[in-house]
Amino acid sequence: SVLNVGQADATLIQYKGKNMLIDTGDVDSRADLVKQLKERKVKDLDIVVITHPHGDHMGGMAELFKDFKIKQIYDNGQSANTAMYRNYLKNIKAKNIAYKVLKKGDTFTLDDDVKFTVLRRPNPLPKKIPKVFPKAADNNNSIVCKMTYGQFSMMFTG
């Protein structure tokens with residue numbers, strides 16, 4: 001399910017009672033995110049993938065930490081100098097959530113037969129980011145992964 005979180009990203013994958021969320025929408029959409037997850041009977045999140053640390057991709061995390069048990073978090077390892085990002089890291093540690101930085105070639109599964117493969121490794125940011133598009137470097141550094149289920153596949157680009 002592509003969740004309606006305004007001009008932001010949040011995709012829910014549900015399979016055999018397991019729940020995975022790729023990105024969480026923006027801060028303004030936190031209540032909508034939680035409502036839509038609860039409408040879909042989500043109680044726990046087995047996996048959360050944060051493709052990159054912009055607010056429109058990780059803005060819902062604060063609410064998820066409060067309302068859901070999260071078992072595993074993956075991200076691209078890119079830090080951000082924001083209170084939102086610092087709180088994200090504090091919650092991962094305080095709640096003892098499994099955490100891993102993904103790189104090209106990594107794989108993980110949602111149950112045994114839904115496989116995710118990381119197609120693009122986050123690149124180190126250039127030393128000089130153009131002043132015109134400073135956030136583009138972060139966007140271009142997003143996790144890109146491919147989900148495979150039997151003969152079906154889908155790419156998630158962040």
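The following conversation concerns the salt bridges of this predicted model and the residues that form them.

Reader: Before we start, what should I know about the model and the numbering?
Author: This is a predicted model, in which local features need pLDDT of at least 70 and side-chain atom pairs count only at pLDDT 80 or more, while totals for chains, interfaces and linings use all residues. Residues are numbered from 1 along each chain as its sequence is written, and side-chain values use heavy atoms, with hydrogens and water left out.

Reader: How many salt bridges does the structure hold?
Author: The structure holds seven salt bridges. A salt bridge is a side-chain nitrogen of Lys or Arg within 4 Å of a carboxyl oxygen of Asp or Glu.

Reader: Which residue forms a salt bridge with Asp-111?
Author: Asp-111 pairs with Lys-16, and their closest N and O atoms are 3.4 Å apart. This pair links distant parts of the chain, 95 residues apart: Asp-111 is in the loop between strand S8 (107-110) and strand S9 (114-120), and Lys-16 is in the loop between strand S1 (11-15) and strand S2 (18-22). Helices (H or I, at least four residues) and strands (E, at least two) are DSSP runs, numbered from the N terminus.

Reader: And where does Asp-113 come in?
Author: The side chain of Asp-113 meets that of Lys-16 in a salt bridge, at 3.9 Å from N to O. Asp-113 lies in the loop between S8 and S9 and Lys-16 in the loop between S1 and S2, so this pair ties together parts that are 97 residues apart in sequence.

Reader: Is Lys-16 buried or exposed?
Author: Lys-16 is exposed, with a relative accessible area of 58%. Buried means under 20% relative accessible area, exposed over 50%, and partly exposed in between (1.4 Å probe, protein chains only). Asp-113, at 33%, counts as partly exposed.

Reader: Turning to Asp-106, what is its partner?
Author: Asp-106 forms a salt bridge with Lys-100, with the closest N and O atoms 3.9 Å apart. Asp-106 is buried at 9%, whereas Lys-100 is partly exposed at 35%.

Reader: New topic: which residues does Asp-67 touch?
Author: Leaving aside residues up to four places away in sequence, Asp-67 touches Val-34 and Lys-38; contact means heavy atoms within 4.5 Å. Asp-67 is found in helix H3 (residues 61-67) and is partly exposed, at 33%.
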